[in-house]
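Please load the model in the viewer and keep the sequence panel open beside it.

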Amino acid sequence: MRDIQHIETPGHTLSVRVDPGSEWEGRPALWPSVGEYPIYDPFLYTTMTTDDERNRRFRAALARLAPDRRILDIGTGQDLLWAREGVQAGARHAVAIEVIEDAFHKAAANLSTLAFPDRITLLLGESTSLRFAPPRRCLRRRNHRFARRRRRRGRRPG
């Protein structure tokens, strides 16, 4: 049996066809992408944060790639899930970006309760329009290479 659900968003009503009997053991559950619509709600947040298979794979990747690095969490959500997990996996710092204002404010409240709030920077806005400085280590390396090239050409750096 298929059911049509209506989801209200600011200025739009989205109609979604739902098949409540589609989840069977061993069969993948397919979810529509809602990233382009500001419709994240407690159900979607809970579903994402409690999806054991998805989260196990993300944690494995973070354990391998995050230690001693600066990481970026785009669409961090109210729980700062991957910024928090990245820091717990050994990242020096996480920049967490959220575009939905309500989720941002909830994330800010959650950030203040963490054991390491100074290791996560929370920003409100779209990831494509925010500007934030790259890590200083990258700038030093680039400047060092530039100075070395100038010395080879017989010019003094600076």
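Begin by selecting Leu 80, which at 0% relative accessibility counts as buried; buried means under 20% relative accessible area, exposed over 50%, and partly exposed in between, with a 1.4 Å probe and protein chains only. The model is predicted: local features need pLDDT of at least 70 and side-chain atom pairs count only at pLDDT 80 or more, while totals for chains, interfaces and linings use all residues. Residues are numbered from 1 along each chain as its sequence is written, and side-chain values use heavy atoms, with hydrogens and water left out.

Leu 80 lies in the loop between β3 and α3. Helices (H or I, at least four residues) and strands (E, at least two) are DSSP runs, numbered from the N terminus. Most residues other than glycine have a negative phi.

Next, display the contacts of Leu 80, where contact means heavy atoms within 4.5 Å. Leaving aside neighbours within four places in sequence, Leu 80 is in contact with Asp 73, Ala 96, Ala 107, Asn 110, Leu 111, Leu 114, Ile 120 and Leu 122. For one of these, Ala 107, the C-alpha atom is separated from that of Leu 80 by 6.1 Å, and the two residues are 27 residues apart along the chain.

Now move to Gln 78, found in the loop between β3 and α3. Gln 78 has 15% relative accessibility and therefore counts as buried. Not counting residues up to four places away in sequence, Gln 78 touches Tyr 45, Ala 103, Lys 106, Ala 107 and Asn 110.

**Helix α3**

Select residues 81-88, which form helix α3. Of its 8 residues, 6 are buried, so α3 is largely enclosed by the rest of the structure. Which residues of α3 are the buried ones? They are Leu 81, Trp 82, Ala 83, Glu 85, Gly 86 and Val 87. To see what covers them, colour the following, which are included in the cover: α1 (42-49), α2, β3 (70-74), β4 (93-98) and β5 (120-124). Just after α3, inspect Gly 90, which takes a positive phi of about 110°.

Axes are lines fitted to C-alpha atoms, for helices over the stretch in contact, and angles run from 0 to 180 degrees between N-to-C directions. The two helices are therefore oblique to each other; angles under 35 degrees count as roughly parallel, over 145 as roughly antiparallel, 65 to 115 as roughly perpendicular and the rest as oblique.

Show side chains for the contact itself. From α2 come Arg 54, Asn 55, Phe 58, Arg 59 and Leu 62, and from α3 come Leu 81, Trp 82, Glu 85 and Gly 86. By class, this contact has 4 nonpolar, 2 polar and 3 charged residues. Here Ala, Val, Leu, Ile, Met, Phe, Trp, Tyr, Cys and Pro count as nonpolar, Asp, Glu, Lys and Arg as charged, and the others, Gly among them, as polar.

**Two stops in α2**

Centre on Asn 55, placed in helix α2. Is Asn 55 buried or exposed? At 2% relative accessibility, Asn 55 counts as buried. Beyond its neighbours within four places in sequence, Asn 55 is in contact with Met 48, Thr 49, Thr 50, Leu 81 and Trp 82.

Proceed to Ala 61, also in helix α2, which is partly exposed, with a relative accessible area of 25%. A C-alpha to C-alpha distance drawn from Ala 61 to Gly 86 reads 9.6 Å, for a separation of 25 residues in sequence.

Select Asp 68 in the loop between α2 and β3. Its phi is positive, near 60°, in a residue other than glycine, and at 45% relative accessibility Asp 68 counts as partly exposed.

Finally, zoom out to the protein, which has 5 helices and 5 strands. Along the sequence they follow the pattern β-β-α-α-β-α-β-α-β-α. Of the 158 residues, 24% count as buried.
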